[in-house]
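I opened the notebook to look up a few things in this model. The entries follow in the order I made them.

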Amino acid sequence: MKPFTTQRLVRNLCCFLFPLLSLFFLPAWICTVLSGKLLDQDPETIREMSKGMTRWTDGTLTLDDLSTGNALFDGEWFFGTFQMAAMGYGQSCILGVLEPETALERMEECFVLLRSAPVREFDVRIWKSDPLEDLEIDTNHHVAYLGYYNLAMSLAREIQRRHPEARGISQETVQLNDAISRALARRFQLEHPDLLQTYPGQYYPVDNVAAIASVGLYAKATDTVEFDGILAAWEQSCWDLWVDKSSGLLYQSAIKGRDPLDVGRVSGTALSAYFLAYSHPELSAELSASCFSLSDAPLGFGMLREYPRGSRRNGDIDSGPILFGYGVTATGVSISNARIHGEKNLLRKLLRTAVLAGAPARSQNEWHWITGGSIGDAILFAMMTAPPLDLIHPEEGR
Amino acid sequence: MTVESRKTYWTLIDRTLFVLMLVAYIYLGHRLAQSNDATRLLGRPRIDFYLSLAYLLIHFSLIIPLPVFVVYRLTVFCCRRIPDTDPASS
């Protein structure tokens with residue numbers, strides 16, 4: 001056995017400390033390099049993501065390709081894939097990456113799929129009535145299906161307003177967007193200040209946010225002023241009733257449209273803040289700030305907690321897996337809010353996490369996130385292409 | 001074979017294996033990233049489960065354990081070259 005020497009002690013310490021220290025900066029540095037183009041919203045990278053999405057939105061994806069183990073969740077993910085894809089195409093146009101005509105054509109492909117019978121089947125089955133045939137029946141709210149679908153259509157109308165020369169969306173989509181926006185605004189007015197139902201007897205603030213944001217964006221895109229009253233009233237009731245005062249987060253669910261059933265959670269709040277950026281930017285900024293206050297960066301990787309600090313609860317289909325308190329949905333969706341509200345430092349850290357956990361793969365000029373499948377591809381496409389607030393509301397000169 | 005030559009022999013094997021592992025990692029990662037199948041994984045989990053698992057293992061390995069292992073090996077390599085000047089051992 002060799003005798004103990006100072007040199008040996010230093011060598012052994014180095015062999016232990018250097019690798020340990022490298023753990024704190026090397027993986028983060030590698031992911032920073034890999035996510036560099038995402039940080040700058042590199043046009044070529046967005047084109048690759050867009051091309052990757054066309055693989056899912058070309059009509060070949062079927063319900064059988066999704067396997068959550070629950071028919072309702074499969075249906076929601078199937079629907080969500082096309083809705084988020086449409087948002088991503090629209091936002092790519094706002095960023096100036098996709099030509100307006102190309103973006104609108106691809107959005108229209110999504111709209112056709114979204115109103116197809118297999119996609120809306122999940123909502124029909126649980127409501128026992130058709131959301132598109134029930135537009136005059138105000139007791140059947142269908143707020144999730146109508147809200148999310150309408151938000152993407154309102155975004156297409158906004159693009160059409162900015163580029164009147166571009167063609168792409170059909171007359172059927174325009175008429176449906178008009179009809180759904182009016183039906184939703186009327187239902188909000190009738191039920192105010194209560195929430196609309198996602199499914200019979202089930203109330204989720206985030207689904208209501210998607211619906212109100214779709215009405216707000218529609219009003220802006222079509223210069224409609226008659227919804228100003230309900231849009232303002234809804235914002236006030238959201239502050240008063242649906243935001244948890246202690247955490248600043250939006251409640252996840254409610255009973256009978258008024259009493260919170262769950263605590264404030266980041267997954268729902270972050271998604272709501274993203275939608276509200278199109279209709280209620282101030283509320284969006286406040287909700288985003290509440291989410292950002294729950295962000296941490298272990299080893300340089302940005303992550304957001306699903307629940308307020310000190311609260312330990314389990315995950316569900318909305319939050320995705322929760323690891324050491326950090327939620328997958330909360331972290332992924334916050335990428336859009338960090339971009340929209342100019343939190344570049346947080347955005348850089350969140351993108352590192354996206355690259356580490358999403359495992360991006362590029363082939364044949366297509367970009368896919370290996371761990372996400374179709375719904376992961378679509379959500380991250382929408383999150384990565386979220387434009388800064390001054391591009392969403394250029395007329396306000398932010 | 002002397003003790004010294006045996007040491008050199010094993011060091012050579014050790015480093016060759018390490019370099020081979022590195023090359024294999026990069027090659028496999030590159031091939032899988034280029035593979036068309038690897039991009040359709042969760043949509044078709046029943047078909048490509050093992051391919052996705054392999055891709056993810058390589059992806060994570062290249063980002064976290066492998067760089068740290070490289071630093072460890074480099075540190076060991078450099079430390080061995082520091083001359084032992086401690087009076088107690090000379």
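This is a predicted model: local features need pLDDT of at least 70, side-chain atom pairs count only at pLDDT 80 or more; totals for chains, interfaces and linings use all residues.

**Entry 1: a term before I start.**

**Entry 2: more on A:Phe324.** I looked up its backbone and found a positive phi of about 55 degrees, although A:Phe324 is not a glycine. I noted beside it that most residues other than glycine have a negative phi. Is A:Phe324 buried or exposed? A:Phe324 has a relative accessible area of 73%, so it is exposed, the cut-off being over 50%.

**Entry 3: another positive phi.** I found A:Leu299 with phi near 55 degrees, again a positive value in a residue other than glycine. A:Leu299 sits in the loop between strand S3 (295–296) and strand S4 (303–304) of chain A. Its relative accessibility is 33%, and A:Leu299 therefore counts as partly exposed.

**Entry 4: a peptide bond.** Which residues does a cis peptide bond join? I found it between A:His192 and A:Pro193, with omega about 5 degrees. I wrote down that most peptide bonds are trans. A:Pro193 belongs to the loop between helix H8 (171–191) and helix H9 (205–221) of chain A.

**Entry 5: chain A as a whole.** I counted 16 helices and eight strands in chain A. Of the contacts in chain A between residues at least 6 apart in sequence, 69% join residues at least 24 apart.

**Entry 6: surface and charge of chain A.** Chain A exposes about 15900 Å², and carbon and sulfur atoms supply 56% of that. I listed 35 positive and 48 negative side chains in chain A, with the centres of the two sets 10 Å apart.

**Entry 7: nonpolar cores.** I looked up the largest nonpolar core and found 119 residues in it. Among those with the most contacts inside it are A:Phe111, A:Tyr149, A:Ile180 and A:Met384. Helix H7 (residues 143–162) of chain A gives the largest share of this core, 12 residues. A second, separate core has five residues, including A:Ala359 and A:Ile370 from one chain and B:Tyr55 and B:Leu56 from the other. I then went back to A:Ile180, which touches A:Leu132, A:Leu135, A:Leu146, A:Tyr149, A:Asn150 and A:Met153, leaving out residues up to four places away in sequence.

Entry 8: I began with A:Ser35, in the loop between helix H1 (6–34) and helix H2 (36–39) of chain A. A:Ser35 has a relative accessible area of 3%, so it is buried. Residues up to four places away aside, A:Ser35 touches A:Leu351, A:Arg352 and A:Val355.

Next I looked up A:Leu113, in helix H5 (residues 100–114) of chain A. Why does A:Leu113 count as buried? Its relative accessibility is 19%, and buried means under 20%, so A:Leu113 falls inside the cut-off. Its contacts, without residues up to four places away in sequence, are A:Thr57, A:Gly59, A:Phe82 and A:Val119.

A:Glu366 is buried, with a relative accessible area of 8%. Neighbours within four places aside, A:Glu366 is in contact with A:Glu48, A:Lys51, A:Gly52, A:Arg55 and A:Ala361.

**Entry 9: chain B.** I found three helices and zero strands in chain B, in the pattern α-α-α along the sequence. Of its 90 residues, 31% count as buried. The accessible surface of chain B is about 6200 Å², with 71% belonging to carbon and sulfur atoms.

Methods:
Residues are numbered from 1 along each chain as its sequence is written. Chains are lettered from A and ligands numbered from 1 in the order in which they are written. Side-chain values use heavy atoms; hydrogens and water are left out. Helices (H or I, at least four residues) and strands (E, at least two) are DSSP runs, numbered from the N terminus. Contact means heavy atoms within 4.5 Å. Accessible areas come from the Shrake-Rupley method with a 1.4 Å probe; for residues, only the protein chains shown count as cover. Lys and Arg count as positive and Asp and Glu as negative; His and the chain ends are not counted. The place of a charge is taken as NZ of Lys, CZ of Arg, CG of Asp or CD of Glu. Buried means under 20% relative accessible area, exposed over 50%, partly exposed in between (1.4 Å probe, protein chains only). A nonpolar core is a set of buried Ala, Val, Leu, Ile, Met, Phe, Trp, Tyr and Cys residues joined through side-chain atoms within 4.5 Å.
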